[in-house]
Amino acid sequence: IFPAENTLFGEYHRRAVAKNIGWQNYNLLYTVVSEFSKNITPPPLDAMVVHMRLGDVIDSSRNSVSDLLLRQQYFYNAEAEWDAYVRPLRHYSSLPFIPHIILLGGVHYGQTMKEPNATKSCLYVRAIQKYFEARGSKVTLRLGYPPDDDVLFASQSEMFAQAGGGFSRTIAEMVKRRGGKVFYPKYDPNP
């Protein structure tokens, strides 16, 4: 499989191959993201973009949404930070109060689910939304956009709350390079 043209990954791959550099070169990716972002309306300056890992890691999980919100659960049962994609509610409660929260996520599935059903992802989003609203924040939902659009939008944020996984880590790296603030509470498996 080759990366599609006119996508972030496609352009990054083309340049990485041309320069004979390896993967996860965040400086190169930042250059590509900066070029692709020129026509993107950024999030409001007073808003925090909060990324939520949705899709297969929630919907194919043997854990209920209540379990996912209560305690750190693991997708591959590795009980390690790299396997902690979906964050429990205490992850969000450790974030500072910000009057405007933009919840960002997409329900994407790998090969783990034959018949995708996003019910649990929807319930998880609703619980996080209700939590922030109860704190007094205005909540905007930004859900279901293509991954490139999410990277371009979130990378422009002044404040970004990182979830688990490489996608969220990549956005966090772009935000840091722009001078934005990244919130990523210290990994704590289950106090």
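A: A nonpolar core is a set of buried Ala, Val, Leu, Ile, Met, Phe, Trp, Tyr and Cys residues joined through side-chain atoms within 4.5 Å. Buried means under 20% relative accessible area, exposed means over 50%, and partly exposed lies in between (1.4 Å probe, protein chains only). A note before we look: this is a predicted model, where local features need pLDDT of at least 70 and side-chain atom pairs count only at pLDDT 80 or more, while totals for chains, interfaces and linings use all residues. Residues are numbered from 1 along each chain as its sequence is written, and side-chain values use heavy atoms, leaving out hydrogens and water.

Q: Which residues have the most contacts inside the largest nonpolar core?

A: Met48, Val50, Tyr124 and Phe132 do, in a core of 25 residues. Helix 6 gives the largest share, four residues. Contact means heavy atoms within 4.5 Å. Leaving aside residues up to four places away in sequence, Phe132 touches Val50, Tyr92, Leu95, Ile101, Leu103, Ser137 and Val139. A second, separate core of 22 residues includes Tyr12, Ala47, Leu152 and Val182.

Q: How do I read the sheet, and in what order do its strands come?

A: Start with the terms: helices (H or I, at least four residues) and strands (E, at least two) are DSSP runs, numbered from the N terminus. Two strands pair if DSSP finds at least two bridges between them. Here, five strands make an open sheet with parallel pairing, ordered 3-2-1-4-5. Strand 3 (138-143) and strand 5 (181-183) are the edge strands, each pairing on one side only. Strand 2 (residues 100-105) is joined to strand 3 by six bridges; one example is Leu104, whose bridge partner in strand 3 is Arg142.

Q: Which strands does helix 6 lie across?

A: For angles, axes are lines fitted to C-alpha atoms, for helices over the stretch in contact, and values run from 0 to 180 degrees between N-to-C directions. Helix 6 (residues 119-134) lies across strand 1 (47-51), strand 2 and strand 3, at about 155° to strand 3.

Q: Is His51 buried or exposed?

A: His51 is buried, with a relative accessible area of 5%, and its place is in strand 1. A polar contact is a pair of N or O atoms within 3.5 Å; within protein, one must be able to donate a hydrogen and the other to accept it, and residues adjacent in sequence count only if both atoms are side-chain atoms. The side chains of His51 and Ser168 make one of 2.9 Å.
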